[in-house]
Amino acid sequence: MTQPLDANSLVPAPAKQVLWLLGADEEAEALAKSVASLGYSVITETSDHPLVNTPLVIWPRSAADLELGSLLEELGQRPTYQEATLIDFCQPDLAIAALWGSLDDGVMGGVSASQVQWREGLRFVGEVSTANSGGFASIRTRNLEPPLNLGQWQGTVLSAQGDGQRYKWILRDSPGWDSLAYCRSFDTEAGQLSTIRTPFLEMVATRRARTVPEASLLNPAQLYSMQLMLSKFEYDGELNPAFQAGFFGLTVRSLGVYRQGPRPVVVLPEEHAAEAEFAQLLTAAGLTGVIRQGEGFAVIGANDKLPSEVEPAVIRAIFEVFG
């Protein structure tokens, strides 16, 4: 018999930290080897998306053609997040798998039917129908005991691959089966893996798809259950604009949590002629930087000390690679 899940075992696992190396692909491999033992990985390209678990940005001499002022201004404004993994659905244990079950519109006379499958993650699949005044399918967890405490985090992160439908992510902070459901809808692209961040403060209190404006905000320090839903309806009688009756499928690979992260520290690993200008631009952008100084380094810009999440050892490893 599977032992019930102890929610105290669901502890966010810190993700590997990332160094963003600008315009220096030839040094990336050596740098990755140097910092791997310190728990860091290296990227050389990033999009306009938020920086996630990226405490350091490295600006070597080979990237001197980049316009530094614009770069630092953009870094100072870009959202930054710390993320941690709560559940890896690609490697679930039996207690996690036993939590989930179907809850469809059959409770109201409908004929929709869903199921949970475990293949490359948590798969929410089935057929949704509007017959008999139905129109929703869902999977929901049993109540967590004790409730999950995510009060130190800003929201959840789902890594999911969908089918073009709009789904709902639902949390409850009360143990009652028909208690308030705090919802956030999210869109998917067919066959595309998406990252869905859901701020706790933006989850809408509902009861049977009707919003409850007078309700208090979701309390993330006591989360009793989680639910995924595909519904014909959005809220207060509005229709789901992406809804299509028939077969559907959503695969969730992981559930994580996130919170606002500190701005990245910018490292100048080699001697540059423009260090004074560098310090001024850093300060204007509200950023902190690190430059080589003799056998060690100096911290300049908006602060004169490294933030606590940046270890001096990783700075020394960067300088060793760039000589």
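Here are some questions and answers about this structure, which is a predicted model.

Q: Which residues of helix α1 are buried?
A: Helix α1 covers residues 25–35. Buried means under 20% relative accessible area. In α1, the residues that count as buried are A28, L31 and V35.

Q: How many degrees of arc around the axis do the buried residues of α1 cover?
A: A28, L31 and V35 are the buried residues of α1. Their arc around the axis puts them on the same side of α1. That arc is only 80 degrees.

Q: Which exposed residues does α1 carry on the face turned away from its buried side?
A: Start from the buried side of α1, which has A28, L31 and V35. What covers these buried residues includes β2 (17–21), β3 (40–43), β5 (56–58) and α5 (312–321). Now turn to the face pointing away from that side: its exposed residues are E26, E29 and K33.

Q: In β5, which residue is the bridge partner of L21?
A: β2 and β5 pair over 3 bridges. The sense of that pairing is parallel. Across from L21, the bridge partner in β5 is I58.

Q: Which are the edge strands of the open sheet formed by 7 strands?
A: The order here is β7-β10-β17-β12-β13-β15-β16, with antiparallel pairing. An edge strand in this sheet pairs on one side only.

Q: How many bridges join strand β12 to strand β13?
A: β12 spans residues 166–172 and β13 spans residues 181–187, and the two run antiparallel. R166 stands opposite D187 in β13, and W169 stands opposite R184 in β13. The number of bridges joining the two strands is 6.

Q: In β15, which residue is the bridge partner of C183?
A: β13 is joined to strand β15 (residues 204–207) by 3 bridges. Those two strands run antiparallel. For C183, the partner in β15 is V204.

Q: Is the aromatic pair of Y167 and F186 stacked or edge-to-face?
A: Y167 is in strand β12 and F186 is in strand β13, so the pair ties together parts that are 19 residues apart in sequence. Both residues are buried. Their ring centres are 6.1 Å apart and their planes sit at 25 degrees, so the pair is stacked.

Q: How many degrees lie between the planes of F89 and W118?
A: A search of the whole structure turns up 8 aromatic pairs. In this one, F89 is in the loop between β6 (80–88) and α3 (94–99), while W118 is in strand β8 (residues 113–118). F89 is buried, at 2% relative accessible area, whereas W118 is partly exposed, at 32%. The pair is tilted, with centres 6.1 Å apart and planes at 40 degrees.

Q: How far apart in space are T85 and V265?
A: T85 lies in strand β6 and is partly exposed, with a relative accessible area of 34%. Aside from neighbours within four places in sequence, T85 is in contact with V11, P12, A13, L255 and G256. T85 and V265 are 180 residues apart in sequence, and from C-alpha to C-alpha the distance is 24 Å.

Notes: Residues are numbered from 1 along each chain as its sequence is written. This is a predicted model: local features need pLDDT of at least 70, side-chain atom pairs count only at pLDDT 80 or more; totals for chains, interfaces and linings use all residues. Side-chain values use heavy atoms; hydrogens and water are left out. Buried means under 20% relative accessible area, exposed over 50%, partly exposed in between (1.4 Å probe, protein chains only). Helices (H or I, at least four residues) and strands (E, at least two) are DSSP runs, numbered from the N terminus. The arc is that of the directions from the helix axis to the C-beta atoms. Contact means heavy atoms within 4.5 Å. Two strands pair if DSSP finds at least two bridges between them. Rings of Phe, Tyr and Trp (its six-membered ring) pair if their centres lie within 6.5 Å; planes under 30 degrees apart count as stacked, over 60 as edge-to-face and the rest as tilted.
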